Amino acid sequence: MIKPRARSTKPGAALLAWYDVHRRDLPWRARAGEAPDPYRIWLSEIMLQQTTVATVKERYAAFLSRWPAIDDLARAPLDDVLAQWAGLGYYARARNLHACARAVVDSARGFPREEAALRRLPGIGPYTAAAIAAIAFDQPCVAVDGNVERVVARLHAIETPPRKIAPLVREKAAALMNPARPGDSVQALMELGALVCAPRTPDCPACPLSSFCAARRLGAQSDYPARELKRPKPRRRGAIFILRRGDEALLLRRPLRGLFGGMNAFPSTPLTQDIAAAEFSGFAPCAARWRALEEPVTHVFTHFALEATVFVAQTRAKAAPSDCRWAARANLGKEGLPTLMRKAAARAGLLDA
């Protein structure tokens, strides 16, 4: 008779044993016996910020197919990178991604191994630096994302308010790290939060840490981490102006700083401000017979929700207004328009919805 395998008495060992069996096969994750690729890990970590794994998997493959090595990305025109990034949001990440690739290539030393050195590169903050150092270089670093915070907060029933919880979570997570496998330990915690210790419906019977979990003993898993009441996002109004000249549409390049920094877009009101409808016409790129479409487009940003009226007009003018250019309608899908602008183009019949 085969005896059931005894459960580990140490949470860190139990976590790694679970991970070795249940880890997902992700395109950026090194398989058993493979050396981690710092470029792939860095690229995935930047893409995964505020974006789901399901979305990133498809976009990651396309990105990697176009720029299979960091040297390729560093040599690419920024416009191409921004266009490839369209739809992933937070376009400053794409600009920093390009700048970081150039910095790494210019150094001729590749990615630094140490967390502190990684943090000095464009677009790499504390979490990303720790994740790259641990996963790519097996450095003894603790990377705390939302999944890790949730697992650790439940494991220890941490009642500290969200804005003050990070140092304590990092301390408790460090105790779960296996010095011989820091990269796997970090990924195991993230994986557990993603697959088992879910925000609303944790699968406690499947959890390797259930016997150690203080929140489960209290029957209060959903109470951790502690939450702050979310204030409703402010609603703002604005306008987007689509000027047609035959089969062309007017585009401009947005300033590098601010919303949609450096992206191609249709002229608009200042989208981070709430503009009264009576003031919309003052932001049109030129005088024309502007017609407002019946249905506005809506988009939810991190800090506010926007309702934008779409105005359309035709012109025969040869020259484009200042700081603008004409773009062929057939090429709009390749211009790397932000999602909001794609919605406006679809509403005006220039792109498929």
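Modeller: Contact here means heavy atoms within 4.5 Å. This is a predicted model, in which local features need pLDDT of at least 70 and side-chain atom pairs count only at pLDDT 80 or more, while totals for chains, interfaces and linings use all residues. Residues are numbered from 1 along each chain as its sequence is written, and side-chain values use heavy atoms, with hydrogens and water left out.

Colleague: How many residues of domain 1 are in contact with domain 2?

Modeller: The chain is divided into domain 1 (11-218) and domain 2 (235-348), with bounds that come from an automatic or database domain assignment. Taken over C-alpha atoms, the centres of the two domains are separated by 36 Å. On the side of domain 2 the contact involves 13 residues, and on the side of domain 1 it involves eight.

Colleague: Is His 299 buried or exposed?

Modeller: His 299 lies in strand S5, residues 297-300, where strands (E, at least two residues) are DSSP runs numbered from the N terminus. Buried means under 20% relative accessible area and exposed over 50%, with partly exposed in between, using a 1.4 Å probe and protein chains only. Because its relative accessibility is 17%, His 299 counts as buried.

Colleague: With which side chain does the side chain of His 299 make a polar contact?

Modeller: Not counting residues up to four places away in sequence, His 299 touches several residues, including Phe 304, Leu 306 and Thr 339. A polar contact is a pair of N or O atoms within 3.5 Å; within protein, one must be able to donate a hydrogen and the other to accept it, and residues adjacent in sequence count only if both atoms are side-chain atoms. For His 299 such a contact, at 3.0 Å, is made with the side chain of Lys 343.

Colleague: How far apart in sequence are the parts that the pair of Phe 241 and Phe 311 ties together?

Modeller: Rings of Phe, Tyr and Trp (its six-membered ring) pair if their centres lie within 6.5 Å, and planes under 30 degrees apart count as stacked, over 60 as edge-to-face and the rest as tilted. Phe 241 and Phe 311 are stacked, at 5.3 Å centre to centre with 20° between the planes. Since Phe 241 lies in strand S1 (residues 235-245) and Phe 311 in strand S6 (residues 305-314), the parts tied together are apart in sequence by 70 residues.

How values were computed:
Helix = DSSP H or I, 4+ residues; strand = E, 2+ residues; numbered from the N terminus.
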